[in-house]
Amino acid sequence: MSENPDSSQKRWDHLRKVLERPGPFSHPEFEPSPDILEFVMTSCKILVIGAGGLGCELLKNLALLGFKNIHLIDMDTIDLSNLNRQFLFRHKDIGSSKAEVAAEFINRKVNGCHVVPHFCKIQDYDESFYRQFHIIVCGLDSIVARRWINGMLISMLNYEDGILDQQSIIPMVDGGTEGFKGNARVVLPGMSACIECTLDLYPPQVNYPLCTIANTPRLPEHCIEYVKIILWPKENPFNVSLDGDDSQHISWIYEKSLERATQFNIPGVTYRLVQGVVKHIIPAVASTNAVIAGVCATEVFKLATNCCVPMNNYMVFNDVDGIYTYTYEAEKKDDCLVCSQTPGILEVKDPHKLKLKQLLELLSESRSYQMRNPGLTTIIDGKNKTLYMATIKSIEERTRDNLNKTLIELGLKDGQEVLVADVTSPTTLVIKLKYLIDDIEMK
């Protein structure tokens, strides 16, 4: 059934009222013009990262706002548990690519919209891919992915004589939800606070010590982790790797976890909790996704059209007890490891005692760094030296002995720059060591 031309034109009347005349909330530099809507509908290129609960809402909102040139990236396939809130999917779509199904749905339902799906990781593309977009909007459930795309956008900035070329800026709108809480933010790379500037807002991932899990469990999560980490590899009941989407696997983990919890008089082990621990599920509520996606889509529209001043720059939403929301300006850190254009400073109290493995633990566990599996290299006497790298087996074996050496034994001096490679960043980061001891102690 074709769309009536008159109704098609009337469909955008509400946007024309905003874009073709000034108003009390207009941006100071806004110049009303019918060309703005034309730009939105024909030229503006948007990248949506994530096609989960938040991503589905974002995609729908952007398509209905008039954006017709949208790309969508998601590496996941559709699971039964997605269907209660990821409304672009149906039961027949289980096992299919989220990006491909979501794109096909929007292209079919929204006349003239063209969504291009990418069934892959964001790390599969280089900067030439990301440079083609005007705005990037994220609906992710991964801090690592947020940090990676943040690092990519910052690495694409151009500076001339230390002055940022604003033409090289690709704005990022980021949304996140957890239960009845959510947040939305606008990141102008190189100008406003980036993801890394506010990294301490994200608590480090909880990791339970193996000794506690094995010997002195106190929480239901300890019992589940014990079965997942120790019993499953030992007994391997189905002779396959653990699959969090397989109901038989989850049921086995649940039964064994319940047995261990009973043994130690620990209440609280449920099937749903087992699913959450095994799959690292973040609780999601459809209404929260809808609110945050609405905010994010509005910010994308404001950035694309310049019709209103964008959010400055971080909004918090909470509807646990009524509705509460506020916006504040997250501050750009002068010493941000990613966006400050200067090496990060890592203070070391005693390099004579601090071993390399402890330095790696500090980079992984500190709220300021939260790295996952950092590899370290440096330059000593004009030569490149790999201190440790776990991701490549041959190099890991060759540098393993360095883990038990102190920084002084490794030849690392006060002010030494160490290059850090990690999955949280697309580029190598630079950290400068600062020893908090005097020259006498150094000698």
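Trainee: Which cysteine sulfur is closest to that of Cys-120, and how far away is it?

Mentor: This is a predicted model, in which local features need pLDDT of at least 70, side-chain atom pairs count only at pLDDT 80 or more, and totals for chains, interfaces and linings use all residues. Residues are numbered from 1 along each chain as its sequence is written, and side-chain values use heavy atoms, with hydrogens and water left out. A disulfide is a pair of cysteine sulfur atoms within 2.5 Å. Cys-120 is too far for a bond, because the closest cysteine sulfur belongs to Cys-138, at 14 Å.

Trainee: How many disulfides does the structure hold?

Mentor: Cys-296 is in no disulfide, as the nearest cysteine sulfur, that of Cys-138, is 9.0 Å away. For the structure, the number of disulfides is 0.

Trainee: Is Val-40 buried or exposed?

Mentor: Val-40 is found in helix H3, residues 35-43 (helices are DSSP runs of H or I, at least four residues, numbered from the N terminus). Buried means under 20% relative accessible area, exposed over 50%, and partly exposed in between, with a 1.4 Å probe and protein chains only. At 0% relative accessibility, Val-40 therefore counts as buried.

Trainee: Which residue has its charged end over the ring of Phe-133?

Mentor: A charge sits over a ring if NZ of Lys or CZ of Arg is within 6 Å of the ring centre and within 35 degrees of the ring normal. Phe-133 itself is buried, at 3% relative accessibility. The charged end over its ring, 5.9 Å from the centre, is that of Lys-45.

Conventions: Helix = DSSP H or I, 4+ residues; strand = E, 2+ residues; numbered from the N terminus.
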